[in-house]
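Hi,

Here's the structure I said I'd pass on.

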Amino acid sequence: MQTNVGLLGYGTVGAGVAKIISLEDSLLSQKIGWSLKLSKAVVRDPEKHRAFTPPPGLLTTNPDEVVGNPDIPVVVEVMGGIEPARSFVLKALRSGQHVVTANKALLATHGREIFETALQNKKEIFFEAAVAGAIPVIRTLKEGLAANRIQSVFGILNGTTNYILTSMAQEGTSFADALGEAQKLGYAEADPAADVEGTDAAHKLVLLTALAYGVLPGLGDIRVEGITGLEALDFKFARALGYVIKLLAVSNLNPGDGRLEFLLAPALLPRDHLLAGVSGVMNAVMVRGHACGDIFLSGAGAGMLPTASAVVGDIIEIARIAHSDSPPTKPSLGWQNLKDEAVKPAGDIRSSYYLRFSVHDRPGVLSALSGVLAKHDISIAQVIQKGVNPETGSVFLVILTHATPEKELTAALVEARGLDTLTAEPKVIRVEDFLAV
Ligand SMILES: NC(=O)c1ccc[n+]([C@@H]2O[C@H](COP(=O)([O-])OP(=O)(O)OC[C@H]3O[C@@H](n4cnc5c(N)ncnc54)[C@H](OP(=O)(O)O)[C@@H]3O)[C@@H](O)[C@H]2O)c1
């Protein structure tokens with residue numbers, strides 16, 4: 001017995017999948033009870049050099065050899081992008097094929113249509129590789145933690161940005177230099193926008209939210225802030241205060257009002273927290289459930305074999321389903337119905353903040369600024385005054401606040417900008433203290 005598998009794409013991930021299926025045939029057969037066979041792989045250019053050489057005849061430019069082919073029960077979409085991937089995935093599900101995909105952009109933007117099509121056609125769509133690469137967070141949320149009311153999901157979900165931030169923190173490099181280094185090492189694309197502007201991590205946060213709460217938010221519900229505005233000196237100040245800076249993805253379900261709270265932005269994390277120790281290209285996810293407490297998962301978030309590890313894990317699971325007599329009983333997201341979303345406006349979300357002011361070096365500055373904050377009911381947790389801004393001759397005043405609604409901080413900053421003491425635009429970064437919401 002064997003399960004035929006068709007690939008859409010034979011790039012980094014597709015070649016990794018082919019490598020594992022070819023070289024680990026006897027291991028996989030031991031686990032499943034039969035073989036996986038790659039039947040066809042759709043590409044644009046069959047002549048291109050491949051990281052793992054495909055057997056003769058595997059590559060094709062004709063998608064019909066895979067999509068809708070009744071001899072191929074499992075289609076693996078690893079081509080990326082929205083179209084034609086979306087049309088291929090929908091057609092495969094409607095033709096009675098199960099689908100595995102690594103495409104977070106596709107699921108974050110067209111997930112509702114795709115998951116509904118899977119359910120209507122009683123087919124599975126598995127997507128373990130779409131979030132945090134090799135880390136089995138999808139299955140953990142869907143199955144291992146199914147008994148829990150999930151309260152929070154925290155993640156470091158993009159290896160490129162985590163590499164850049166680690167390098168800025170450890171070497172004191174500028175953002176531009178750290179990005180250049182990441183590109184030289186192959187950790188960042190020639191066009192790094194989706195990574196450094198936070199879009200890639202936002203796609204993954206949409207999927208984690210869907211799995212955690214049965215709500216599929218729109219991308220527009222998540223305000224996304226990337227890492228391009230971070231400066232090396234903020235890492236030094238953060239360290240002096242006992243923190244590190246990470247691009248943090250947070251999805252909370254507030255038990256008080258039942259509303260979702262999102263954060264996808266650089267954030268200060270206490271230096272001794274597990275997520276703060278996640279360095280370089282590594283990813284990590286922490287899930288907080290009412291029964292399980294905090295669960296922490298960490299590992300490689302990208303790369304040929306780590307991503308293929310997750311894809312092949314999905315193929316194995318789907319091969320078992322494809323060979324069973326009964327159709328899948330579990331919906332792909334782990335929820336029977338998607339609930340309506342209730343998202344808290346960003347202005348109402350409470351957080352502590354790191355504020356870096358550049359101010360004239362003269363008496364009364366701190367009291368003027370603390371007066372403005374006090375007027376908006378924002379209390380101060382720590383203050384440091386250190387260093388001179390060489391461009392302006394002014395000094396840096398760094399304030400760590402206690403938790404406050406974002407709209408209060410925004411109003412306070414409008415007022416602070418009106419003071420004649422500021423010499424530059426204040427820098428604002430959230431502080432995540434991991435307390436219960
Ligand atoms: N790379 C990672 O570490 C990683 C990690 C997690 C998730 N993912 C996700 O996995 C997916 C694939 O990523 P990747 O890095 O493997 O991409 P990739 O290296 O660019 O490979 C894409 C493959 O799809 C083929 N392809 C693209 N558009 C096509 C079209 N219109 N018609 C036919 N074939 C087409 C390409 O053909 P040619 O080779 O002929 O150009 C190539 O073989 C993406 O959704 C990505 O977000 C990647």
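Predicted model: local features only at pLDDT ≥ 70, side-chain atom pairs only at ≥ 80, totals over all residues.

G11 may be a handy place to start browsing. You'll find G11 in the loop between β1 (2-8) and α1. Is G11 buried, or partly exposed? It counts as partly exposed, because G11 has 17 C-beta neighbours inside 10 Å and the cut-off for buried is 20 or more. If you want a distance to check in your viewer, G11 and V206 sit 25 Å apart, C-alpha to C-alpha, with a sequence separation of 195 residues.

On to the strands. β10 (residues 282-289) pairs with β11 (residues 293-300) in the antiparallel sense, over eight bridges. The two strands, β10 and β11, form a hairpin, and three residues lie between them. Across that pairing, M286 stands opposite F296 in β11.

Last one is a helix. In α10 (residues 232-241), the buried residues are D234, F235, F237 and A238. Looking down the axis of α10, these buried residues fall within an arc of 165 degrees, so they line one face of the helix. Just after α10 comes G242, which takes a positive phi of about 95 degrees.

Cheers

How values were computed. Residues numbered from 1 in each chain as written. Helix = DSSP H or I, 4+ residues; strand = E, 2+ residues; numbered from the N terminus. Buried ≥ 20, exposed ≤ 12 C-beta atoms within 10 Å, placed from the backbone. Pairing = 2+ DSSP bridges. Arc of directions from axis to C-beta.
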